[in-house]
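Open your viewer and get your selection tool ready. We will walk through the inside of this protein together, one stop at a time.

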Amino acid sequence: MKPVIAISMGDYNGIGPEVVLKTLSQTDRSRATPVVLGHEKVFRFYTDKMGLEFNTLLIERGEDIENAERENRDSILFLNCTGKTLIDPDPGVIHREAGKASMQAVEKGVDLCMAHHTHALVTAPISKEAIQLAGYAYPGHTEFLAKKTAENDFMMMMVSNGLRIGLATVHIPISEVPRQIHRQSLLRILRLFNKSLREDFEIEEPRIAVLGLNPHAGDGGVIGREEKETLSPAIQNASATSLPGRFEGPFAADGFFGNKMFGEFDGILAMYHDQGLIPFKALTFGSGVNFSAGLPIIRTSPDHGTAFGIAGKNLASHDSFTSAYELAIRLACHKLKK
């Protein structure tokens with residue numbers, strides 16, 4: 001069975017529509033059926049601007065996907081889902097209506113996946129400022145998707161080939177990180193990480209490294225005691241369970257990446273956003289993918305933002321979005337085989 005992949009257009013004033021269209025213009029659509037979510041006015045605006053042509057078919061409901069796919073195998077399916085929201089592309093401008101439209105597309109993507117009309121969701125970049133202006137009080141996609149799917153046990157994971165970095169905390173101020181990290185929260189996230197590596201990525205006995213919170217992983221308690229009092233007990237508890245795999249650490253983050261130890265592990269748990277994403281982006285050269293582990297749906301996205309500074313100029317690289325789309329296909333195919 002060929003998977004159907006929902007694609008939300010992202011902020012229509014950012015590079016989202018551009019990277020979506022570039023990816024769809026260069027990928028083999030015989031492997032999966034893409035359903036683009038947004039508004040056809042955005043689609044036309046950017047295809048004209050980029051000089052691209054597509055066979056498209058406008059559908060009105062998720063229930064129409066199966067028949068449309070069967071009868072129009074060479075077409076890209078397109079579903080308008082922004083209602084009466086103003087659609088007036090103005091590349092590079094942060095605007096409330098663009099933020100609203102971007103989140104309406106994400107909401108529709110979740111609904112389609114939960115109703116099993118599509119098998120995965122790939123989200124193009126949104127503007128956190130624009131969605132806040134539109135009344136969406138979320139720091140990003142991940143938190144919104146968890147709320148929308150009623151899932152409290154989730155994790156942001158960055159993926160590029162064999163490199164997988166999970167985050168113990170996500171979009172919170174650095175001053176709040178120590179308060180969010182305690183034994184039970186770490187044990188929960190380690191179990192979730194292990195489960196995702198086994199079930200989503202088909203690694204039978206994952207080897208997971210845990211990075212320290214403090215410089216030099218606390219240096220024996222001289223530079224902070226979180227490693228001795230919180231991280232090490234959580235790692236030991238995880239290791240004592242019946243979970244297949246190994247949990248090791250805490251490791252000093254600088255030495256871990258500097259000595260290229262990341263190649264020895266199936267997963268790496270970073271304590272906070274930049275501790276994980278800075279080395280990840282340095283190592284993957286713009287081709288990484290954000291995967292939301294633990295959700296009842298498959299969701300991937302590129303590892304970059306809206307890039308308003310180059311929006312509408314046909315300069316954006318679509319490598320990361322293409323990687324996100326390819327990972328969504330792979331995960332969806334694996335899930336369909338179960």
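Start with the largest nonpolar core, which has 62 residues. A nonpolar core is a set of buried Ala, Val, Leu, Ile, Met, Phe, Trp, Tyr and Cys residues joined through side-chain atoms within 4.5 Å, where buried means under 20% relative accessible area with a 1.4 Å probe, protein chains only. Select Ile5 and Phe201, the residues with the most contacts inside this core. Next, colour helix H12 (residues 319–337), which gives the most to this core, with 8 residues; helices are DSSP runs of H or I, at least four residues, numbered from the N terminus.

A word on the model: it is predicted, so local features need pLDDT of at least 70 and side-chain atom pairs count only at pLDDT 80 or more, while totals for chains, interfaces and linings use all residues. Residues are numbered from 1 along each chain as its sequence is written, and side-chain values use heavy atoms, leaving out hydrogens and water.

Now zoom in on Ile5. Which residues is Ile5 in contact with, leaving aside its neighbours within four places in sequence? Contact means heavy atoms within 4.5 Å, and the partners include Ala32, Pro34, Val122, Tyr325 and Ile329.

Last stop: select Met9, Pro17, Val20, Leu21, Val36, His39, Val42, Phe43 and Phe78, which line the largest cavity. H1 (16–26) and H2 (40–50) each supply at least two residues of this lining, and H1 gives the most, with 3 residues.

Methods:
1 Å grid on protein atoms, 1.4 Å probe; cavity = no way out; pocket = protein on both sides within 12 Å on 5 of 7 lines; lining within 4 Å. Buried < 20%, exposed > 50% of the residue type's maximum accessible area, 1.4 Å probe, protein only.
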